[in-house]
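Reader: I'm new to this one. Could you take me through a single part of it, slowly and in plain words?

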Amino acid sequence: MSLQNETSGRLTTHVLDTASGKPAANLQIDLLRLESDRFSTLLSTRTNQDGRCDAPLLAGAEMRSGTYELRFHVGAYLGQQQSGDRVPFLDVVPIRFGIGDEDAHYHVPLLVAPYGYSTYRGS
């Protein structure tokens, strides 16, 4: 990655499994953008062994101001971890957020466990 790409606007995420104390590997994430009152899917990806995506979810010309939603498929992930529940309490966790500064780095991490989650704007 060039220096210009490192300093230009981008969207990244990271998923940590707080029940196991480890990164949530191989968790599906969908990124959607709200346009004309409808969400359209921009991409679907999976986390790597570090709980991160291999590339920014948005960068460069794709990094536009607007309303976005990340959908974390935690039910499938937690099912892989054999939580013991027949029906997972959490299935798809949506996080809707806005991007106002196309030149800024927006980091939207998810901390998840079988019965709860939290997020924040990271850096």
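Author: Let's start with a definition: two strands pair if DSSP finds at least two bridges between them. Strands (E, at least two residues) are DSSP runs, numbered from the N terminus. This is a predicted model, where local features need pLDDT of at least 70 and side-chain atom pairs count only at pLDDT 80 or more, while totals for chains, interfaces and linings use all residues. Residues are numbered from 1 along each chain as its sequence is written, and side-chain values use heavy atoms, with hydrogens and water left out.

Now for the part itself, strand E6. Gly-66 stands opposite Ile-99 in E7, and eight bridges join E6 to E7, the two running antiparallel. Both belong to an open sheet of four strands, ordered E4-E3-E6-E7 with antiparallel pairing. Strand E4 (38-46) and strand E7 (92-99) each have a single partner strand, so one side of each is left without a neighbour in the sheet. From one strand to the next, the twist averages 20 degrees (axes are lines fitted to C-alpha atoms, and angles run from 0 to 180 degrees between N-to-C directions).

His-73 also sits in strand E6, which covers residues 66-73. Its side chain meets that of Asp-30 in a polar contact of 2.7 Å; that term means a pair of N or O atoms within 3.5 Å, and within protein one must be able to donate a hydrogen and the other to accept it, while residues adjacent in sequence count only if both atoms are side-chain atoms. Setting aside neighbours within four places in sequence, His-73 is in contact (heavy atoms within 4.5 Å) with Leu-27, Gln-28, Ile-29, Asp-30, Asp-91 and Val-92.
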